[in-house]
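Thanks for making the time this morning.

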Amino acid sequence: MIVIGLTGGIGSGKSTVAARLASLGAAVVDTDAISHSITAAGGSAISALREAFGPEFFDAAGALDRAAMRNLVFDEPAARVRLESILHPAIRRASEQALARASGPYALLVVPLLFETGAYADRVARTLVVDCPEELQVERTVARSGLAPSQVRAIMRAQWPRWRRLQVATDVVWNGGTEDQLAGQCERLHRSFAAT
C-alpha cells in the first residue's frame, strides 16, 4: 500500500483534510493522535516521561500536562531533545503497527513535523502539504486551543516556513478557501493517490 505523508503548519487544517480523504476511503494514521494516546493517563510513555521530567509535568489523573511541557521545551532546548528522544521512537513504533493493519487504496501518515524531523522520509512515497495563509493558521489555532496569538506564532517559528514546505512537497492542498473548494481538491487527490 502506498503511504502519503500529510503535513502542514499548525492550524493549516491537516485533520480536516485527513478526515475528508478518510471519508473517501483512505486509511489514516495520525501521529498526533498516537502522541496524545501514549501521553494520556496510563499511556505507554508515561513512566519514562515521569522519570525524565518529574511529577510536576503531570496532571491529577496522571496524564502529561501538555501546556507545562510546551512551556518547558520552548524555554529549554535540552528538554525538547529529552522529550523527543522518548516520544519519537514510541510514536514511530505505533505508527508502523497501525500502517501494517491499515487497509484501503492508500494510507495517509499524518505527521505535523514531517519535513522538520526527516524521521519518516523512508516511509512515505509522496508528501501532501496542507497550506493556508499564516493569519488563518493563527486564527484557527487560537480558536481551537485557547493559546495566545504570540504563543501560536512562537510555535510557527519552530516549524518550517510555508515557502520551504511548499518547495519540497509532492502535492499541495489549499485550505484557505471554501469547503466546496477543499472538497473538490480532496476528491482529485484521492483519485490520484488511489490510482498510484
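Let me begin with a question: does Trp 160 count as buried or exposed, and at what relative accessibility? Please keep in mind, before I reply, that this is a predicted model. Trp 160 has a relative accessibility of 18%, and because the cut-off for buried is under 20%, Trp 160 counts as buried.

That brings me to the aromatic pairs, of which a search of the whole structure finds three. I will describe two of them. Tyr 106 and Phe 193 are both buried.

The other pair brings us back to the tryptophan, since Phe 115 and Trp 160 form a stacked pair, at 5.5 Å centre to centre and with 15 degrees between the planes. Here, too, distant parts of the chain are linked: Phe 115 is in helix H6, residues 114-117, and Trp 160 is in the loop between helix H8 (149-158) and helix H9 (162-168), 45 residues apart. Phe 115, for its part, is buried, at a relative accessible area of 14%.

Now to the largest pocket, which holds about 1300 Å³ of space. Of the 40 residues that line this pocket, those closest to its centre are Asp 32, Ser 35, Arg 66, Pro 112 and Leu 113. Which helix gives the most to the lining of the largest pocket? That is H5, with seven residues, although helices H1, H2, H4, H5, H7 and H8 each supply at least two residues of the lining. Sorted by class, the lining of the largest pocket has 17 nonpolar, 13 polar and 10 charged residues.

In H1, Lys 14, Val 17, Ala 18 and Leu 21 are buried. They cover an arc of only 100 degrees around the axis, and therefore lie on the same side of H1. On the face of H1 turned away from the buried side, we find the exposed residues Ser 15 and Ser 23.

I will finish with two distances, both taken to Pro 161. Ser 37, which is found in helix H2, is partly exposed, with a relative accessible area of 47%, and its C-alpha atom is separated by 28 Å from that of Pro 161, 124 residues apart along the chain. Val 130, in strand S4, residues 126-131, is buried, with a relative accessible area of 1%, and the C-alpha atoms of Val 130 and Pro 161, 31 residues apart along the chain, are separated by 13 Å.

Note on methods
Residues numbered from 1 in each chain as written. Predicted model: local features only at pLDDT ≥ 70, side-chain atom pairs only at ≥ 80, totals over all residues. Heavy atoms only, no water. Phe/Tyr/Trp six-rings, centres within 6.5 Å; stacked < 30°, edge-to-face > 60°. Buried < 20%, exposed > 50% of the residue type's maximum accessible area, 1.4 Å probe, protein only. Helix = DSSP H or I, 4+ residues; strand = E, 2+ residues; numbered from the N terminus. 1 Å grid on protein atoms, 1.4 Å probe; cavity = no way out; pocket = protein on both sides within 12 Å on 5 of 7 lines; lining within 4 Å. Points joined across faces, edges and corners; volume = space filled by probe spheres on them. Nonpolar A, V, L, I, M, F, W, Y, C, P; charged D, E, K, R; others polar. Arc of directions from axis to C-beta.
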